[in-house]
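Morning, everyone. Today I want to talk about aromatic rings. Please look at the screen.

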Amino acid sequence: MKFAWIDLRSVAAEQVPAVVDAAVHARLDGIVDSRPDVLATLPPTIKKVLFPPAEAASPNRPAQDGDGTATAQTGPADLVAVTVADDDELNELRLRHLAGEKSATSFVEVVDQRTLDLACAAAAALPYTVVRFRDPTKIPLEIVIAAADRSEGQLICEVGDLEEAEIVVGVLEKGSEGVMMAPKNADDVFKLAELLAARTDPLELTTLTVESIEHTGMGDRVCVDTCTHFEKDEGILVGSYAHGFVLCVSETHPLPYMPTRPFRVNAGALHSYTYGADNRTNYLSELKAGATVLGVGADGRTRRIAVGRVKLESRPLLTIKAKSPEGVEVSLTVQDDWHVRVLGPGAKVLNVTELKSGDQLLGYTPTDKRHVGWPVGEFCIEK
């Protein structure tokens, strides 16, 4: 789970009370300031991080007690960040950590190769390392993340705004463990909390039994080209009804006559729904570059996936009709071609043109009725 520290040092004075209340209410991990008296007002539920003014930032200040608690010199702070500018200062802080300081915290500003190496060494050796990058490229952050990958310490990256925070938490798919941001107001705090909490819950897939396969004639089908590689047991949920979906696999598995396209799902006819994050559906015809679909594995795991483009073409179609153990009817109209595939139990890959009555598919049957994709409590029949 990612965490955030809210930096009060540059927040407008009139915004500080609301920002602090928002950070506490949102259960963020920590609040940063250079004023011990401000940190002293915070409740014990939030970490207090002291960043002394630049002129006081020296690793030679009295350390915390061996059990990690603050001394009288550091006041109410749980952590005291030490600015590290060279190897000697890093070694001094490392020795304090080895002597028992459980919360040794370094701050490194990366401006060149030397300071990048210093940040890598600190992240690998210390419990907490805060890093600021002068240049906008994220390559130095990737290097520090890789250097700290096997470390038990926490890497915190300073970000300028919410957009940068979203990028930072996804760098190398792993991101830094934490971000430190100075918000403009309380709204920024809540948006940051939502960003860090963004996740997709697993789905409980069901086994559908095929009842019939019908050749439907010509129609428009949609290929969803994404910005990622799908796993071999992964695809997207597609169906003609909002109450029933089939797991359509990507073009990850080899076939004669054409190359694999592991980023693509030949999903279905343009009228079809795809089940997305936040319990919302979208028509395939609504998807476009920059949209998001929900990648779903045969074990029910899920993840958000960005759409790179949507390709709509006229092709022969066939309609698969199936039923869940509870009797929920599911329908899926797809391109009538051997290379279009769906998944069965155990992640078995099934060519749609070879399906027959009695075959089993993996699917999902939500109980909500829908209006413009959102669940609603109203009467609705689909057939």
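Is Tyr-283 buried, partly exposed or exposed? Tyr-283 is partly exposed, at a relative accessible area of 35%. Keep that residue in mind. We will come back to its partner.

One caution before we go on. This is a predicted model.

Now the overall count. There are six aromatic pairs in the structure. One of them is Phe-245 with Tyr-275. That pair is edge-to-face. The centres sit 5.6 Å apart, and the planes make an angle of 65 degrees. The cut-off for edge-to-face is over 60 degrees, so this angle qualifies.

How about accessibility? Phe-245 is buried, at 0% relative accessibility. Tyr-275 is buried too, with a relative accessible area of 5%.

Back to Tyr-283. Its partner is Tyr-273, and this pair is stacked. Here we have 4.8 Å centre to centre and 15 degrees between the planes.

Tyr-273 lies in strand S13. Tyr-283 lies in strand S14, residues 281–283. So this pair links parts 10 residues apart in sequence. Tyr-273 is buried, at 13% relative accessibility, whereas Tyr-283 is partly exposed, at 35%. The line for buried is under 20%, so the two partners fall into separate classes.

Definitions and conventions. Residues are numbered from 1 along each chain as its sequence is written. This is a predicted model: local features need pLDDT of at least 70, side-chain atom pairs count only at pLDDT 80 or more; totals for chains, interfaces and linings use all residues. Side-chain values use heavy atoms; hydrogens and water are left out. Rings of Phe, Tyr and Trp (its six-membered ring) pair if their centres lie within 6.5 Å; planes under 30 degrees apart count as stacked, over 60 as edge-to-face and the rest as tilted. Buried means under 20% relative accessible area, exposed over 50%, partly exposed in between (1.4 Å probe, protein chains only). Helices (H or I, at least four residues) and strands (E, at least two) are DSSP runs, numbered from the N terminus.
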